[in-house]
Structure formats: structure tokens, C-alpha cells
Amino acid sequence: MKDAQPRTIFLKDYKVPPFLIDETVLHFDLFEERAMVVSRMNMRRNPESDTGSSALFLDGVDLELKSLVLDGVHLSPDQYELVQDGLNILVVPDQFVLECTTEIKPHENTCLEGLYKSSSMFCTQCEAEGFRRITYYLDRPDVMSRFTTTVRADKQLYPVLLSNGNEIDRGDLDAGRHFVTWEDPFRKPCYLFALVAGDLVCVSDEYVTMSGRKVDLHMFVEPQNKEKCGHGLSSLKASMKWDEDVYGREYDLDIFMIVAVDDFNMGAMENKGLNIFNSSCVLAKSDTATDATYQRIEAIVAHEYFHNWSGNRVTCRDWFQLSLKEGFTVFRDAEFSADMNSRTVKRIEDVNLLRTAQFAEDAGPMSHPIRPASFMEISNFYTLTIYEKGAEVVGMIHRLLGAEDFRKGSDLYFERHDGQAVTTDDFVLAMEDASGKDLSQFRLWYEQAGTPVVTVEGIYDETVQTYTLRLTQSCPTTPGQANKKPLHIPFAFALLDSNGCNIPLIEGDDASLSNAPRERVLNFVEAEQVFVFQHIEKPPEPSLLRGFSAPVRLQYSYSRDQLLFLMSNDTDGFNRWDAGQKLAVDIIQSLAKDYRADKPLNVDGRLIEAYRGLLISESIDKALLSKMLLLPSESYLIELADVADVDAIHYARNHVRNTLASALKVELLHCYHANTSDNGDYSVDFRSIAKRALRNAALSVLLSNGDSDALKLATKQFSSALNMTDESASLIALVNSDFTVERDAALIAFYQKWKADPQVVEQWLAIQSGSAKTGTLEHVEQLMQHEAFDIKNPNKVRSVVGVFCNQSLINFHDSTGSGYRFLSKQVIELNKLNPQIASRLVTPLTRWRKYDKNRQGLMLHELQRILEQEGLSKDVYEVVSKSIK
């Protein structure tokens with residue numbers, strides 16, 4: 001264990017920076033074994049700071065200081081002191097120029113923060129606190145400066161030299177070296193700084209903005225990836241157009257650049273004018289990328305582009321405000337994706353992630369509000385709570401205000417705070433000022449952790465023809481927060497008649513049936529609240545929390561017959577899918593109980609008939625149907641359980657799936673063949689994606705039962721597939737089947753075909769690591785010795801270790817604890833190489849309270865083993881110590 005606990009940082013202790021940096025001029029000399037960095041900073045004392053100290057502290061980690069020059073005078077060692085996390089200059093004037101020269105070793109930087117080598121190129125990742133690994137600086141988001149950057153390197157090895165802003169100079173130097181100078185005219189915090197140097201090819205396009213200005217679009221990749229740039233560039237242009245149309249936001253530089261790198265801790269980074277992407281999140285062509293990858297790339301490109309305004313032009317004052325930029329931007333990219341594809345399917349995918357993973361986070365030891373009150377290591381708070389729940393909170397504001405007033409609020413926010421570092425309060429205040437609506441109670445969403453529970457009771461009174469809706473809300477205790485106040489919850493609601501039509505909703509006597517709304521968003525603001533609707537002639541079916549209008553756990557005692565009705569008739573697409581999920585959950589949970597009692601497992605025939613009805617329906621949307629055919633995941637079923645019996649959940653769910661495969665073979669085969677493309681042409685329009693998704697969902701269900709006809713389909717599809725979606729779907733089905741000969745042959749063939757493509761190899765690794773078949777852990781350990789695996793590459797680690805621990809749940813949670821021992825071993829090793837990745841991988845162990853006593857003890861033992869390691873990073877220490885505590 002570390003000798004001293006890492007320091008906890010509190011929001012309440014925030015103070016403005018004592019100094020400001022008006023101009024930053026950087027010079028990089030890049031060599032194979034080192035990099036020399038000279039920074040010149042025009043600094044002045046902050047007039048808003050009340051500190052009386054004459055000293056200046058600059059952040060710095062793993063730097064070798066070569067010289068310090070203050071206003072042209074070299075400082076001697078007695079004029080400054082080097083400390084563990086920075087540099088303290090004992091006396092500085094109120095205004096001065098500081099020049100600092102440091103030496104760093106990018107080729108030894110395995111944590112992938114600051115400046116590092118990825119394959120043969122130099123690249124950077126500075127968010128959140130990576131810039132301090134480049135030079136000594138005020139590394140905090142509320143210090144904004146104008147940057148001019150000159151990069152020098154060997155011209156043959158690194159012909160491409162990039163940084164933020166616009167290129168202003170270039171030329172050749174002695175000894176075969178050259179330089180390029182970049183100037184960013186916009187003030188930015190140092191976390192948005194970027195640099196890339198490499199032997200890259202450029203694929204270019206252009207975009208004409210709404211004001212008629214031409215923007216050059218460049219995508220830089222390694223030569224072998226040149227043919228994979230088209231989708232990323234088209235997604236960028238679609239994002240630029242959408243942001244103009246929906247938010248009135250125009251791009252502000254003459255050039256927008258994207259660089260793809262293989263070694264990257266995150267998905268992508270929105271550095272001003274120079275976005276750096278994980279290769280897996282931007283490179284695609286039809287034979288190497290699946291439909292899901294195409295859609296993910298479209299969303300991530302949009303997310304990083306939208307940050308130009310919601311994150312760069314207006315940034316966050318401190319890292320406690322991270323959701324200010326991330327929650328708002330995730331909301332924006334979700335709306336973009338919904339407009340580009342199927343809005344219902346996008347909502348289903350978002351809620352699936354939220355309810356499976358973010359709700360678990362809310363219930364875990366790292367539970368925190370979307371504006372945390374404290375942290376030890378900020379990288380641990382790049383969480384689903386900050387991103388996904390943060391987006392839900394922005395979405396609730398949009399729902400409460402309406403699209404028109406929300407647009408007014410965003411316009412005011414950008415106008416009022418352009419060029420500033422601000423807080424979530426500033427964002428909400430702009431929405432209030434623009435709309436005239438009071439959001440004071442709504443602000444509690446930013447302050448309170450945990451997932452609210454909304455309990456619903458519906459009472460129909462035939463005598464007076466009223467329907468009474470009683471809502472009750474509560475929120476469980478979370479670390480540091482025992483007593484929760486009622487939240488402002490927008491509760492979307494409708495009543496359906498026996499034909500599935502929405503009934504007019506009249507409260508009181510202030511409306512007539514003719515103009516009454518047929519869906520309402522109820523302002524649920526009290527701990528308990530009652531809404532009474534008039535003129536309801538017959539008992540209705542309630543459609544609750546339509547579109548998942550708030551991130552809450554809904555409790556309502558639906559009967560199976562009610563769920564069957566809603567599954568077939570609800571006019572809200574999301575709720576129609578959700579009714580099917582609730583029905584399947586109820587049946588699987590019942591079967592899991594029977595499994596534990598050693599009783600025979602019998603699937604309710606109504607579920608089979610409901611699925612049959614879906615498969616033979618000619619009116620249902622194919623995209624929605626492809627989602628409705630998927631049973632609730634084991635992860636979600638575990639999250640719903642008070643004490644999760646992993647074995648019972650696994651076998652009960654498999655029994656339902658196998659029963660459906662047998663009972664619906666004819667309908668599933670028809671569905672498969674009816675959605676087979678006639679000409680083999682590949683398109684990523686959402687209708688084509690829906691057909692492939694439906695076809696492959698049918699194949700997956702059919703093969704799960706060991707059906708020989710399905711095996712023939714799968715092997716034929718695998719060998720003849722003309723796109724990666726169909727090829728990987730058939731491989732997944734084979735890998736998860738009992739046909740070992742065909743499975744092994746397919747895996748060998750796939751690797752031999754694609755071993756030169758890192759992104760496809762990552763898929764190959766993940767498909768095997770996520771299998772629920774017996775022996776997967778042993779196979780995963782073999783994969784980690786394979787030539788394709790590299791523990792220093794985050795994508796490879798996530799594809800093997802991350803996928804196994806989060807998807808192969810029956811194997812990870814083996815009652816012997818072998819999966820837990822495997823994970824702790826990897827975390828301990830990665831802690832030395834890349835603490836960010838290590839701390840994110842450990843999450844499954846932190847959920848130990850969810851399981852039985854035996855598994856709890858085994859998981860706690862591994863957490864304790866991690867905690868006792870010498871040299872434990874603060875990233876891992878924070879997560880593990882809080883989990884045990």
C-alpha cells in the first residue's frame with residue numbers, strides 16, 4: 001500500500017488561479033530517444049485572486065528541468081524548488097515572461113498522457129492533466145491562453161507536423177530536419193493542446209459554412225488506412241451541417257484536422273482544430289467495420305466536433321464541472337444520431353447502457369453526482385454518470401422547456417460565455433433567463449447522487465370516470481449523502497384505450513375532449529403527488545415514463561397480460577420495446593427462482609406467442625423489431641437483482657432463448673431469408689442497417705439451440721459475407737454455439753484473413769473473450785500470449801480483459817474466484833504501465849456487494865490484494881479503497 005493516501009480535492013475549496021497566462025509560445029524538438037520542450041509564457045497576476053504570495057507554483061510530472069529564465073535572467077537553483085508534482089518559483093513580479101526548458105522521453109511514456117509515441121508517430125493526450133507531463137504550466141481548465149507552437153523533427157521520419165489552429169510558417173533546417181509553426185487565435189486551456197508528428201497520408205475534403213466560408217477538412221492516417229477515411233469525413237460534414245441547422249453554430253477556423261492513432265486511452269479528443277482519434281473510433285470501410293462501428297464513428301466524430309462550441313469556445317471552470325461540456329455534448333450527439341438514424345432505436349440503446357451500467361455505478365462505491373463534490377484523481381470521473389446521466393439531465397431540461405426555448409437558452413449560453421471557463425450553474429441560469437422558467441429545484445440533479453425510484457399507483461374509478469395517478473419518489477443513500485430531497489422529474493405519461501389509441505388527458509375542468517393533449521409531461525416535484533384525469537370512460541392501460549423521460553427506476557405492478565398489450569400496442573416505440581423487456585425479465589426471474597429450487601423450467605407460452613406475433617407482423621419497424629428480439633442481457637438482469645445469482649440468471653435466460661429458438665424456428669428462418677440482401681450492395685442507411693440487424697438477430701437465436709439448419713446458414717454466411725457486419729455476426733454465432741469444429745475453423749480463417757488489420761483483430765479478440773462457453777478464461781489467458789495481443793495497447797486490453805470481465809459473466813463470476821484472481825493480476829500489472837486503464841478495468845470487482853457471501857469474500861480478497869501493492873497509483877487507490885470502505 002502507498003505510504004500516504006492521495007490528497008482529496010474538494011469543490012468547496014475552489015479558488016481562482018493566482019496567475020494568468022496571456023500568451024504561450026512552444027518549441028518542440030523531437031528525437032527518437034527524447035524531446036526538448038521550450039515554453040515561453042507571458043504571465044500576470046490575476047486581479048481576481050486574493051492570494052498575497054509572491055511565489056508561483058507550476059504543475060509538472062516526470063520532467064527533467066534544463067533551464068528557467070525569468071524576464072531574460074536565468075534563475076539559479078536557490079530561486080526555485082522542484083517538488084513531487086511541480087515547480088515552485090519563490091519570487092515573481094506581477095507581470096513577467098517565463099521561459100522554461102524541459103526534456104521528456106515520449107518513447108518511455110506508457111501511461112499515454114502528455115506527449116508519447118504510438119507506433120512510429122508522436123502524439124498527445126492532455127485532458128485532463130496530461131499537459132503537465134510536457135512542460136511546467138498552470139494545468140487547470142480556467143487558465144486560458146493563446147498558443148503558438150513550432151514543431152521540429154527529422155523530415156524523412158516525420159514529414160507531417162501538426163498542432164492546433166492555422167499553419168503560419170514552415171521550412172527546412174540543417175541535418176535533414178524541418179519545422180512547422182501553428183497559431184491558434186482562440187484562447188484555450190492547456191488540456192486542449194495537441195501535437196502530432198509522423199509519416200502520415202492526408203485525405204482531404206472541404207465544407208462551406210452557412211456564411212459561405214470554405215473550411216479545409218484533413219484526415220491524417222498511416223498509409224495502410226487511407227481507404228478507411230471516407231465515413232469519418234462524411235460524418236464530420238454531416239455534423240457541421242447539423243450544428244448549423246439545429247444550434248446555429250458555425251465552425252471558426254480555416255482548417256479542421258483529424259488524426260487516427262492506435263494507442264489511445266479514450267475514444268477521441270476534441271483538441272481545438274486538431275482532433276485526435278482512437279483508430280477504432282474513426283477508421284471504417286464495409287469489409288472491416290460493422291454497422292455498429294459505422295454508427296459509433298458517426299456519433300463520436302459528431303461528439304468531438306460539437307465540442308468546438310460546447311467545450312472549447314465555452315469550457316469548464318474546474319474539473320468538477322466536467323459534465324458541463326460532456327453531458328451537454330453527449331445530449332447533442334445523441335440528438336444528431338437520432339436524426340441521422342432511427343430515433344426509437346437510438347433511445348433504446350442509450351437507455352440500455354444507462355440502466356445496465358450507469359445505474360450500477362449510481363449504486364456502487366464510486367457513486368457521485370454529475371457535479372462531484374470531491375475526487376482524488378480526476379481521470380476516475382470520466383464516468384457514465386458524468387457523460388450519460390449528464391446528458392439525461394440536459395435532455396430533461398430540453399423536455400421541460402421545449403425545443404424553442406432550449407435553443408434560446410443555448411444561444412444565450414454561448415453568447416454570454418464565449419471564451420470563458422464556467423460552471424453548470426451558468427448553463428442552467430442561461431436556460432432560466434431565456435425561457436423564464438424556474439429551474440431552482442431542478443438543480444438538485446447536479447448535486448444529488450444515486451438513481452431515484454419512482455413508484456406508481458393507478459386507480460380507475462368507473463363511477464366518476466376518473467383515472468388517478470399517484471407518484472412517489474425516493475432516492476437511496478449513497479456515499480456521503482444520506483438524506484435526499486425530492487427532485488423535479490419530468491414524467492411523460494399517456495393512457496391507452498383497448499385499441500391502443502391514446503386517450504385525451506384532462507385535468508380539472510379547464511379543457512375539452514377535442515383539444516386535450518393525448519400525452520402529458522407531468523411536473524413531478526413532491527415526494528408524493530397525485531394527478532387526476534377526467535372523462536375516462538373505460539379502464540385504460542397506463543403508458544408510463546414514455547421515451548424514458550427521466551433517468552429513474554420505475555416501479556409499477558404490471559401484469560403479464562398488460563405487458564403483452566403494451567408490447568403490441570403502445571404508441572411510444574421505446575415503451576413498446578420496454579414492455580417486452582419487462583415481460584422477459586419477469587419470466588426469466590421466475591425461471592431463475594425455479595432453477596434455484598431445482599424445479600423444471602417452463603417458459604410462459606404467452607411470451608412465445610408474443611414473439612411469434614412480432615415476427616409475422618408486416619407493420620412493425622424492422623429496426624425496432626431487431627431490438628425487441630433481443631432478450632434482456634445478463635448484465636441488466638444482475639443489476640435488477642438484490643442479490644445476483646449469476647448461475648441461475650445465466651441458465652434461466654439461456655433456457656428462454658433456446659425455447660424461443662425451437663418454438664419459432666419457422667418464423668425465425670423466414671425472418672432470416674426475408675431480410676437477406678438480393679444484390680450484396682452495402683449501405684449504411686438506417687433501413688439497410690435494420691435489415692442486417694434483424695437477419696443476424698434471427699441467426700443468433702436459431703444457432704443458440706444447436707440447430708443444424710442454422711449451422712449451415714451461419715457457415716455459409718461466414719464464408720460468403722461481403723461486409724464485416726455479416727461476417728462478424730456469423731462468427732459470433734458460431735463462437736457461442738456448441739459446434740466446436742466449425743467454430744475453431746472460422747476463428748482460424750478469420751484471423752488469417754485479417755491479421756494485418758489492428759481494428760479487425762480487436763474484434764477477433766473481443767468475440768472470443770466475451771463468449772459464455774465453458775473454458776473461456778483459459779482461452780483468454782492463451783489469447784494474452786498470442787502475437788496479436790499487446791498489454792501496452794489499451795484497445796487490445798479492453799478487447800480481451802475488459803470484454804471477458806464485463807461480458808463473459810458466467811465465467812468471470814466462477815464460484816472458485818478464478819475470474820477475480822485473473823482481473824486483479826491484470827490490474828496490478830497495468831497499474832505500473834497505465835494507471836488510467838487499470839483503474840477502469842477494476843470496476844467489476846467494486847460491485848462485490850451485489851453477489852452472494854462466497855463471491856463477496858473472494859472479490860474483497862482480490863481488492864485487498866490490489867490495495868496492498870507497493871507503488872499503487874492514485875487512480876487505482878481511489879477506486880479500490882472506496883470500494884473496500
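Me: Is the crossing of H15 and H17 left-handed or right-handed?

Reply: The crossing of H15 and H17 is left-handed. A crossing is left-handed if the near helix is turned anticlockwise from the far one by less than a right angle, and right-handed if clockwise. Please note that this is a predicted model, in which local features need pLDDT of at least 70 and side-chain atom pairs count only at pLDDT 80 or more, while totals for chains, interfaces and linings use all residues. Residues are numbered from 1 along each chain as its sequence is written, and side-chain values use heavy atoms, with hydrogens and water left out.

Me: At what angle do H15 and H17 pack?

Reply: Helix H15 (residues 665-674) and helix H17 (residues 708-720) pack at about 15 degrees, and their axes are 12 Å apart. They are therefore roughly parallel to each other. Angles under 35 degrees count as roughly parallel, over 145 as roughly antiparallel, 65 to 115 as roughly perpendicular and the rest as oblique. Helices (H or I, at least four residues) and strands (E, at least two) are DSSP runs, numbered from the N terminus. Axes are lines fitted to C-alpha atoms, for helices over the stretch in contact, and angles run from 0 to 180 degrees between N-to-C directions.

Me: Which residues of H15 and H17 meet?

Reply: Lys665, Leu669, Tyr672 and His673 of H15 meet Asp709, Leu713 and Gln717 of H17. Contact means heavy atoms within 4.5 Å.

Me: And how do the axes of H17 and H18 cross?

Reply: The axes of H17 and helix H18 (residues 724-735) cross at roughly 140 degrees and come within 8 Å. H17 and H18 are therefore oblique to each other. This crossing of H17 with H18 is left-handed.

Me: New topic: where does Arg347 lie, and what does Arg347 touch?

Reply: Arg347 lies in helix H4 (residues 343-362). Not counting residues up to four places away in sequence, Arg347 touches Glu392, Gly547, Phe548 and Phe574. The side chains of Arg347 and Glu392 make a polar contact (2.8 Å). A polar contact is a pair of N or O atoms within 3.5 Å; within protein, one must be able to donate a hydrogen and the other to accept it, and residues adjacent in sequence count only if both atoms are side-chain atoms.
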